[in-house]
Structure formats: structure tokens, C-alpha cells
Amino acid sequence: MAFHHQRRFDESAWAFAVILLQPALILIDHGHFQYNCISLGLTLGAVASICLHRDYLASVLFCLALNHKQMSAYYAPAFFAYLFGKSIRKKNPIFEVMKLGVAVIGTFLLCWWPFLHSRTAEAVLLRLAPLQRGIFEDYVANFWCASSLVVKWKQIFPNTVLAYLALFATLVSFLPSVVQQIRSPSHRGFLLSLFNSSLSFYLFSYQVHEKSILLPLIPASLLILEDFSLYRGMILCAMFSMFPLLRRDGLVVPYIATFALHLLLLNVPFLEKSLSHVKERQHPSLKYMSDGLLFTGCLIDLLYLLIEPPPRYPFLFEALNSLLVFICLVLIGLHSHIQQWSATSTHEQIDADKVKMN
């Protein structure tokens, strides 16, 4: 019994350290100086509120995150699906949905009130949809960038058409995750839905930035004790996908240092016994994929630093890096969707009687 409690403490302390010392967030917020910790922190508060059955507080916190950084919309389908799926199982579903609507609309009115009486409201709204910037910039590891090696999207379609294509692809990608949570809302399914929804936006939405990989990385971090292979694959994808950006910022040394220390943290020698059953839950396919990604990604980074690309292909290494990470993200996404749909067993679903009592 004492060993069991000690093991649980070691697991929790280790997971807490992994989340706090996540190198991708540290490098983006404190190296690239794109501050995401506020919106991500508010989102984590909303997730914690969901787990504590404080749905109205969760709605307010998520709306604050969304108004602080519109990138938080990557999580919106998961929040909607879970809260809607839970509400329709209560005694008065219409009334429950209305109460959530009041919380959401009230929070938005509070945030937007200063702009409603000024001439800056239109300018703010235009900033939320920068269509003129194109479907992607640089070499982000998503579908549009990776496939542009073969299909020159920007030359074939105008930005407005590409925006609709991106919207359609994103909706189709996260739809199964939303349907599952409406049908069978559960806390584990909600975390997986957060991951699947945000990854869908990263892979298929319009005008994705390299730092957007932080959004699927957060729910993957929260699932580390249940699916270590999911987190390991995601942190590798996040770090390798951001390397070209961090290199331009002169952050190669911090990148190597934080990356190496994090990999060491994931394999702490003196916690091997306590974390053995966590590591045993790794899915073989994701484990082998992550091993291959680690080797290949490090090789591309090394070539990127030491060798000049051919004049005819000045962005060769960025393109290879983008394609490699994109393929791995697709495999991870397929895995997580399968995991979410398998998270519908009776013991994981919300107790219907308890929901009705609330």
C-alpha cells in the first residue's frame, strides 16, 4: 500500500514537472516572445473546471481565453460538444443550454463592450481574419504546406477559395471527435477531443503559425500518464516543427539545451520503477514512429545547421522537416481518434443519474 501511494506521488510529480518544463512553450513565450501562457492558462482553468463539474465557470474561463487569443478557437468544438452532450442528458436540457448561452454571451459582451462604442471594432474584427496573408507562411508542418510541394495552392486558387477549402477540411477532420463527445461525453473523451480538435485546426485551417502546435500539445500533456506515446510523439513533432523558426530567432543553443533536458526528464533513471507501468502503456506503432522521428528529425536539424542547401532548392531542409512532421502528426491524429472512440465504455462515461441530479 505504501509503495502504491509513493508510486502515485512520483507519477503526479513527474507529470507536473513535464508540463511546467515543456520546452516548446518556454522557447515560444520566452525566446520568440509570442505570449501564449495567458490564453493557455485560462484554457487549463476551464479544463480543470470541467473535471470538477463546474461547467459555467468553465464556459466563462474558455471565453476569456478565446477573447485573449483567437487561436483558442482550436478548442471550441471540444468544449461545445462536451457541454452540449452533457446538457441534453439533464432533466431540462433546453434550460441547461440556455444557461450556458447566457454565460458565454455575457462574457463576450463584457470583453467587447469597450469596442462596441468606438470606431476600432471593425479594425479588430479584420485582424481576426487575415485573409490577405495567404493560407500559410514559411514551412509550417500542416497539410497545405506539405502538399504544396506537389500542388501549388496559392497559384491555383485565390485566398477566399482557399479559406473555404480550409474551413471544409477542418470541419470534416474534427467532426468525428465532436460527434463522439455529443453521444458519449466523458472526461477522458473530452481531453482527447481537445487534442483532436486542435490538431485538426493545426493540420487543415487557414493561416497556421508554427507556434500553433502548442495547442494540441497541451491536451497531450494532460494525457501523459494515460498515453505516454501520444505525448512523446507530440513533443518531438512540436520541437522539430519549430526548429526553422527558432533558428531564425538565434535560439539554436536554447533549443538544443531545453530539448535535451526534456528528453532526459522523460527518461529519469531513478523513477524507472515508479513509471514502469506508464511506459508499458505505450502503443508499439507510436513508439516506433517516435523513435524514427527522433533520429530523422535530429539528422535534418544537423544538416540544416551544417550544410548549405542547393541554390535551386534554398528551402530544401525546411520542406523535408515540414513533410516529416506532417506525416507523423497524421499518424498521431489517427491514433488519438481511435482512442477517443474507444473511450466510450460504461465506466468512462458520465453517470447519467448524477448529471440529471445536477
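This is a predicted model: local features need pLDDT of at least 70, side-chain atom pairs count only at pLDDT 80 or more; totals for chains, interfaces and linings use all residues.

Me: How are two packed helices described?

Reply: Two packed helices are described by the angle between their axes and by the distance between those axes. Here, helix α12 (residues 214–222) packs with helix α13 (residues 228–248) at an angle of about 155°, and their axes are 9 Å apart. Because angles over 145 degrees count as roughly antiparallel, α12 is roughly antiparallel to α13. The crossing in which α12 passes α13 is left-handed.

Me: Which residues in α12 and α13 meet?

Reply: From α12 come P216, L217, A220 and S221, and from α13 come L230, Y231, M234, I235 and A238. By class, the residues of this contact of α12 with α13 are eight nonpolar, one polar and no charged.

Me: At what angle do the axes of α13 and helix α14 cross?

Reply: The axes of α13 and helix α14 (residues 252–265) cross at roughly 170° and come within 10 Å, which means that α13 is roughly antiparallel to α14. Among the residues that meet are F240 and F243 in α13 and Y255 and F259 in α14. The contact of α13 with α14 has eleven nonpolar, two polar and one charged residues.

Me: How many disulfides does the count come to?

Reply: The count comes to zero disulfides. For C328, the closest cysteine sulfur is in C237 at 4.9 Å, too far for a bond, because a disulfide needs sulfur atoms within 2.5 Å.

Me: Is C328 buried or exposed?

Reply: C328 is buried, with a relative accessible area of 5%, whereas C298, at 39% relative accessibility, counts as partly exposed.

Definitions and conventions
Residues are numbered from 1 along each chain as its sequence is written. Side-chain values use heavy atoms; hydrogens and water are left out. Axes are lines fitted to C-alpha atoms, for helices over the stretch in contact, and angles run from 0 to 180 degrees between N-to-C directions. Helices (H or I, at least four residues) and strands (E, at least two) are DSSP runs, numbered from the N terminus. Angles under 35 degrees count as roughly parallel, over 145 as roughly antiparallel, 65 to 115 as roughly perpendicular and the rest as oblique. A crossing is left-handed if the near helix is turned anticlockwise from the far one by less than a right angle, and right-handed if clockwise. Contact means heavy atoms within 4.5 Å. Ala, Val, Leu, Ile, Met, Phe, Trp, Tyr, Cys and Pro count as nonpolar, Asp, Glu, Lys and Arg as charged, and the others, Gly among them, as polar. Buried means under 20% relative accessible area, exposed over 50%, partly exposed in between (1.4 Å probe, protein chains only).
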